[in-house]
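Thank you all for coming. Please have a look at the structure on the screen, and then I will walk you through it.

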Amino acid sequence: MNARLDDDALSWGGDDDPTLDTGSAKPASSASRDQEPDAAVPLADGFTAVGKGADRVVAQSEPDAGERAAASGETSSSMGNAALIGIGVLGGIYLLYVIGWIVGGLRLQGSAGFLVDANGNASPAWTIGNAVALGLAALAPVVWFALVYALTRRARSWLRWAFLALGVILLVPWPFVMIGASGS
C-alpha cells in the first residue's frame with residue numbers, strides 16, 4: 001500500500017505518454033510494431049534511417065506542401081526569422097514616418113502665413129485642403145507598406161525588399177526633417 005502511494009505521489013497526468021519513455025518500459029505502439037515486422041514506418045525524403053529497425057522504414061510517398069510548391073515552380077509564402085524581423089523593422093520605420101508626417105504637418109500649419117488673409121484668418125478652402133493633404137500624407141506610408149506587401153506575395157523576395165526600401169527613401173516626412181518637432 002505504501003509503495004502505491006509513493007508511485008501516485010510521484011506521477012503526473014500524462015506520464016503514460018510514449019514520447020516521455022525513458023526506456024524502462026515499452027510503449028504500446030512499439031509493442032505492436034514488434035508483432036508486425038513487415039509494417040513500414042514513413043520517413044521524409046532526404047533522410048536516411050540507420051540503426052535497429054532501419055529496414056522497416058521507407059521513404060514517404062506523398063510530398064509535403066513545400067516540395068509540391070518547389071516542384072510546380074511556385075515561391076513559398078512562408079518567411080524565415082530574419083525576413084520577419086526585417087519586415088517588423090521596416091513596419092516600425094513606416095509607423096515612425098506616419099508620426100513624423102502628422103507632427104511635421106501640424107507644425108507647418110502655423111508657418112504658412114502667406115495663405116492667411118489680412119485679418120489673420122485662413123480661408124475655409126485652405127483649412128479643409130490642408131487637413132485632407134495632411135491626412136493623405138500621414139496615410140501614404142501605411143498604404144505603401146500594405147500595397148507592397150500584398151502585391152509582392154508571389155514575387156521574388158528581393159523585389160519586395162527593393163520596393164520597401166524605395167518607400168523608405170521616397171516617403172521621408174520632410175516637414176518633420178526640415179522643421180523638426182520644435183517648429184523653429
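Predicted model: local features only at pLDDT ≥ 70, side-chain atom pairs only at ≥ 80, totals over all residues.

Which residues make up the largest nonpolar core? There are 9 residues in all, namely I87, L90, Y94, Y97, V148, L164, V168, L171 and V172, where a nonpolar core is a set of buried Ala, Val, Leu, Ile, Met, Phe, Trp, Tyr and Cys residues joined through side-chain atoms within 4.5 Å, and buried means under 20% relative accessible area, with a 1.4 Å probe and protein chains only. Helices α4 (81-109) and α6 each supply at least two residues of this core, and α4 gives the most, with 4 residues.

Residues are numbered from 1 along each chain as its sequence is written, and side-chain values use heavy atoms, leaving out hydrogens and water.

Stepping back, the protein chain comes to 7 helices and 2 strands, which are DSSP runs numbered from the N terminus (helices H or I, at least four residues; strands E, at least two). Along the sequence the pattern reads α-α-β-β-α-α-α-α-α, and buried residues make up 16% of the 184 residues.

Let me finish with R160, which sits in helix α6 (residues 157-170) and is buried, with a relative accessible area of 11%. Leaving aside neighbours within four places in sequence, R160 is in contact (heavy atoms within 4.5 Å) with M79, I87, V148, Y149, T152 and R153.

Terms used: Buried < 20%, exposed > 50% of the residue type's maximum accessible area, 1.4 Å probe, protein only.
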